Amino acid sequence: MYNSRIIGMGHYVPENIVTNDDLSKLMDTNDQWIQERTGIHERRWAVKGDGNSTFSMGLKAAEKAIKNAKIDKDDIDFIVFATLSPDYYFPGPGVQVQEALGIDTIGALDVRNQCSGFVYGLSVADQFIKTGMYKNILVIGSELQSQGIDISNRGRSISVIFGDGAGAAILSREDDSNKGILSSHLHSEGAYALELAAEAPGMGKRWVTDIIAENNPDDMSYRPYMNGQFVFKNAIRRFSEVIHQGLEANNLQVSDIDMLVPHQANLRISQYIQKKFKLSDDQVFNNIQHYGNTTAASIPIALSEACEQGKIKSGDTVVLAAFGSGFTWGSVIIKW
Ligand code: ACO
C-alpha cells in the first residue's frame with residue numbers, strides 16, 4: 001500500500017472583477033446586504049468572448065500545478081475533473097484537458113459532485129495511488145457559473161454568491177505512510193437533491209427541446225435553485241460531523257488542526273464552523289471575500305493560495321471539508 005501526497009497546486013481566475021456595487025447596477029441589491037449575508041466583496045466573472053471556459057480555466061490551473069509539482073506532464077497517469085458547469089453536456093472536460101496537454105491516452109474521469117467535487121475527486125485519486133495503479137494524478141476543480149445564473153432581480157439571492165475560477169492539484173505516490181492523505185470521508189443524502197439544484201436540461205424531466213417548445217420566459221428550471229436557509233442549516237451540521245469523523249479516524253484532536261480549508265460556500269458558514277471548533281483565524285483559510293463561491297473550484301483555489309502565501313508548511317495537519325448540492329459532503333485529512 002502506498003500513500004498519496006499533493007506535490008503541487010495551481011489556480012486561475014478570470015481577470016474581470018465584479019464588485020457588489022457592480023451588481024447593484026444589474027439588480028436590486030447592495031454591498032451591505034451581500035457582505036452581511038455572505039462575506040463576499042467581489043467575484044470574478046468571465047466575459048463572453050474572453051476565452052475563458054470551465055475547460056480552459058481548468059487547463060491553466062493544471063499547467064501551474066504541473067509546474068509547481070516540478071513533474072513532466074507526460075508523467076501524469078490519470079485525470080480527474082470536477083465541475084457542475086462543463087463546456088459540453090457531454091463529454092466532460094477531462095478529455096479536453098488530456099488533448100490540450102498533448103499527453104498519452106490516459107484515463108480521464110469527470111466528477112459530478114458540485115461543491116464536494118474536489119474532495120470526492122481527491123479521494124478517488126488517492127485510492128488509485130494507494131492501490132499502486134497510478135503514480136501521478138491531476139485533479140482539477142473548475143467552474144464557469146456566471147453564464148448560467150440569472151443576473152436580474154429574480155435570481156439575486158443566488159447570483160450574488162457564485163463566481164468563476166479553477167484550481168488544480170498534482171497528487172503523487174508517497175512512500176512515507178505518515179505523510180500525505182491520511183483518510184477521506186464521503187457522504188450523500190439524495191432526499192434533498194432538489195433543495196440545491198438545476199433541474200434542466202436533464203433527460204429525466206425536461207430536455208432542451210421541452211424548454212424551447214414551451215418558450216416560457218418565466219421558466220427557471222435551468223437556473224440554479226437554492227433553499228438558502230435549509231442549505232445553511234444542513235451545511236453547518238454536515239461540515240461539523242465530517243470534520244469530527246476525519247479527526248477521529250486518525251486519532252487527532254481539534255487542537256491538532258494546523259489549517260482548515262473549508263469549501264467557500266458562504267463566509268458565515270465558515271465562521272460558524274470556526275467558532276464551533278474554537279479555531280483561531282490562523283487555523284482557517286478563507287478567500288470567498290474575493291472570489292465568491294466557486295463550487296468545485298473553491299477548495300483547490302483556496303489551497304493553492306494558502307500554499308502561495310506560505311500558510312501551509314511541511315508536516316502540518318490540513319483538513320479539507322465540503323458540503324453542497326446532492327446533498328453531498330466530505331472531508332480529507334492530510335499530513336502536509
Ligand atoms: N440583495 C438584496 N436583497 C436580497 C437579495 C440580494 N441579493 N437576495 C435576497 N434578498 C432579499 C429577499 O428577497 C428577502 O426579502 P424579503 O424579506 O422582503 O422577502 C430578504 O432579502 C431575505 O431573504 P432570505 O433568502 O431569507 O435571506 P437569507 O438571510 O436567508 O440569506 C442566503 C440568503 C445568503 C442565501 C442565506 O440563506 C444563506 O447564507 N444560505 C446558505 C446557503 C449558501 O450560502 N449557499 C452557498 C451555495 S451552496 C453551497 O456552496 C453549499
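Guide: Helices H3 and H4 are oblique to each other. The model is a predicted one, and the angle behind that word is about 55 degrees, with the two axes 10 Å apart. Angles under 35 degrees count as roughly parallel, those from 65 to 115 as roughly perpendicular and those over 145 as roughly antiparallel, so the remaining angles are called oblique. H3 covers residues 54–69 and H4 covers residues 94–101. The crossing of H3 past H4 is right-handed. From H3, the residues in the contact are Phe 55, Leu 59, Glu 63 and Ile 66, and from H4 they are Gln 96, Val 97, Ala 100 and Leu 101. Sorted by class, that contact holds six nonpolar residues, one polar and one charged.

A second helix pair can be described in the same terms. In general, a packed pair is given by the angle between the two axes and the distance between them. The axes of H8 (residues 228–249) and H9 (residues 267–276) cross at roughly 40 degrees and come within 10 Å. H8 and H9 are therefore oblique as well, and H8 passes H9 in a right-handed crossing. On the H8 side the contact uses Phe 232, Ala 235, Ile 236, Phe 239, Ser 240 and Ile 243, which meet Arg 268, Ile 269, Tyr 272, Ile 273 and Lys 276 of H9. This contact has eight nonpolar residues, one polar and two charged.

Next comes a sheet. Four strands form an open sheet in the order S8-S13-S12-S11, with mixed pairing. S8 (180–188) and S11 (259–262) are the edge strands, and each has a single partner, so one side of each lacks a neighbour in the sheet. From one strand to the next the twist averages 10 degrees.

S11 runs parallel to S12 (residues 317–324), and four bridges join them. Val 261 has Leu 320 of S12 as its bridge partner, and Met 259 stands opposite Val 318 in S12. Helix H11 (residues 298–308) packs on the sheet and touches both S11 and S12, its direction making about 155 degrees with that of S12. S11 is covered on both faces: Met 259 and Val 261 are buried on one side, and Leu 260 and Pro 262 are buried on the other.

Two single residues complete the account. Phe 118 lies in helix H5 (residues 117–130). Buried means under 20% relative accessible area, and Phe 118 has 1%, so Phe 118 counts as buried. Leaving aside residues up to four places away in sequence, Phe 118 touches Ala 82, Val 139, Ile 140, Gly 141, Ala 169, Ala 296, Ile 299 and Pro 300. Phe 118 and Ala 168 are separated by 50 residues in sequence and by 9.0 Å in space, C-alpha to C-alpha.

Thr 29 sits in a loop, between helix H1 (20–24) and helix H2 (31–38). Thr 29 is also buried, at a relative accessible area of 13%. With residues up to four places away in sequence again left out, the contacts of Thr 29 are Leu 23, Ser 24, Ile 34 and Val 160.

Methods. Residues numbered from 1 in each chain as written. Predicted model: local features only at pLDDT ≥ 70, side-chain atom pairs only at ≥ 80, totals over all residues. Heavy atoms only, no water. Axes fitted to C-alpha atoms, helices over the stretch in contact; angles between N-to-C directions. Helix = DSSP H or I, 4+ residues; strand = E, 2+ residues; numbered from the N terminus. Left-handed = near helix turned anticlockwise from the far one by under 90°. Contact = heavy atoms within 4.5 Å. Nonpolar A, V, L, I, M, F, W, Y, C, P; charged D, E, K, R; others polar. Pairing = 2+ DSSP bridges. Buried < 20%, exposed > 50% of the residue type's maximum accessible area, 1.4 Å probe, protein only.
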